[in-house]
Amino acid sequence: MKQDKYQQVRNDFLSGKIKGCKAYFESHGHNIECAYANLVLGNLSKAEKLFEKEAHASTRAHWGLILLQMLSGDIVTPPTYFEIRNFLEVDLSILLTYCQGNYVEKILKNADYMAMYNLECYKFIGRVFWAHNYMPASMFYLRRACERMYKDPELHYLLAYINYSNIKNIQECIKEIDICLRILPEYGPACMLKDKLKKENLI
């Protein structure tokens with residue numbers, strides 16, 4: 001029952017329903033979750049103290065401190081490949097959900113820096129903008145990803161899907177599918193999208 005309540009509160013927080021979440025996390029000793037609640041509320045010094053409590057044992061908290069360093073403009077701890085892979089997209093989504101565009105902007109100023117540790121960061125950024133329906137920003141970062149990771153089939157499939165579903169540019173969609181399948185001929189999602197286009201008489 002306690003776990004069910006935690007999941008409910010966590011899901012509420014991730015979906016933007018913050019009322020009661022911070023108090024619950026605080027009273028139940030969920031320091032990292034409480035740190036994120038403070039972060040979206042603008043209580044950065046409180047968030048930092050909570051992340052510091054857990055950073056010795058938690059990569060999530062360690063990443064949280066790096067996130068705060070990006071917001072302050074003074075990065076002293078480099079991120080790891082897996083921290084960027086596991087947390088960047090999720091955290092940008094949280095900040096966009098809570099309309100913290102200023103925070104997002106400050107983090108994105110470090111995109112090229114993060115790419116030194118994980119080239120996929122551009123794809124993660126593009127994907128989260130797509131999920132939140134910021135299409136120009138999404139395409140900007142996905143195109144940037146293509147400049148650095150042209151042989152990533154997932155990236156070309158994603159561009160194909162966005163051109164099909166969001167932008168309605170079928171010719172560009174077909175182009176991206178063809179690139180994807182040249183890189184990896186049996187890439188399942190691209191094959192399925194191509195079949196869908198055939199059924200809709202678009203190819």
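1. In which kind of crossing does H11 pass H13, left-handed or right-handed? H11 passes H13 in a left-handed crossing. A crossing is called left-handed if the near helix is turned anticlockwise from the far one by less than a right angle, and right-handed if clockwise.

2. A word on the model. This is a predicted model, where local features need pLDDT of at least 70 and side-chain atom pairs count only at pLDDT 80 or more, while totals for chains, interfaces and linings use all residues. Residues are numbered from 1 along each chain as its sequence is written, and side-chain values use heavy atoms, with hydrogens and water left out.

3. Next, the overall layout. The chain has 13 helices and 0 strands. Read from the N terminus on, its elements run α-α-α-α-α-α-α-α-α-α-α-α-α. Helices (H or I, at least four residues) and strands (E, at least two) are DSSP runs, numbered from the N terminus. Along the principal axes, the C-alpha atoms fill a box of roughly 55 × 40 × 30 Å.

4. Back to the opening pair. Helix H11 (residues 153-167) packs against helix H13 (residues 188-199) at an angle of about 30°, and their axes are 10 Å apart. Axes are lines fitted to C-alpha atoms, for helices over the stretch in contact, and angles run from 0 to 180 degrees between N-to-C directions. H11 and H13 are therefore roughly parallel to each other. The cut-offs are these: under 35 degrees is roughly parallel, over 145 roughly antiparallel, 65 to 115 roughly perpendicular, and the rest oblique.

5. Which residues meet here? From H11 come Tyr157, Ala160, Tyr161 and Tyr164; they meet Pro189, Ala190, Leu193, Lys196 and Leu197 in H13. Contact means heavy atoms within 4.5 Å. The residues of this contact divide into 8 nonpolar, no polar and 1 charged. Ala, Val, Leu, Ile, Met, Phe, Trp, Tyr, Cys and Pro count as nonpolar, Asp, Glu, Lys and Arg as charged, and the others, Gly among them, as polar.

6. Now H4 and H5. Helix H4 (residues 44-54) and helix H5 (residues 59-72) pack at about 150°, with axes 8 Å apart. They are therefore roughly antiparallel to each other. Their crossing is left-handed. H4 brings Leu44, Ala47, Glu48, Phe51, Glu52 and Glu54 to the contact, and H5 brings Ala61, Gly64, Leu65, Leu68 and Leu71. By class, that contact has 7 nonpolar, 1 polar and 3 charged residues.

7. H5 also packs with H6, at an angle of about 65° and with axes 10 Å apart. Here the crossing is right-handed. Thr59, Arg60, His62, Trp63, Ile66 and Leu67 in H5 meet Glu83, Ile84, Phe87, Leu88, Val90 and Asp91 in H6. The classes are 7 nonpolar, 2 polar and 3 charged.

8. Last, the largest pocket. Its volume is about 180 Å³. A pocket is an open set of points on a 1 Å grid over the protein atoms alone, where a 1.4 Å probe fits, with protein on both sides within 12 Å along at least five of seven lines; lining residues have an atom within 4 Å of a point. The volume is the space filled by probe spheres set on the points, and grid points are joined across faces, edges and corners. Among the lining residues are Tyr6, Phe25, Arg60 and Ile94. H1 gives the most to the lining, with 4 residues. By class, the lining has 8 nonpolar, no polar and 3 charged residues.
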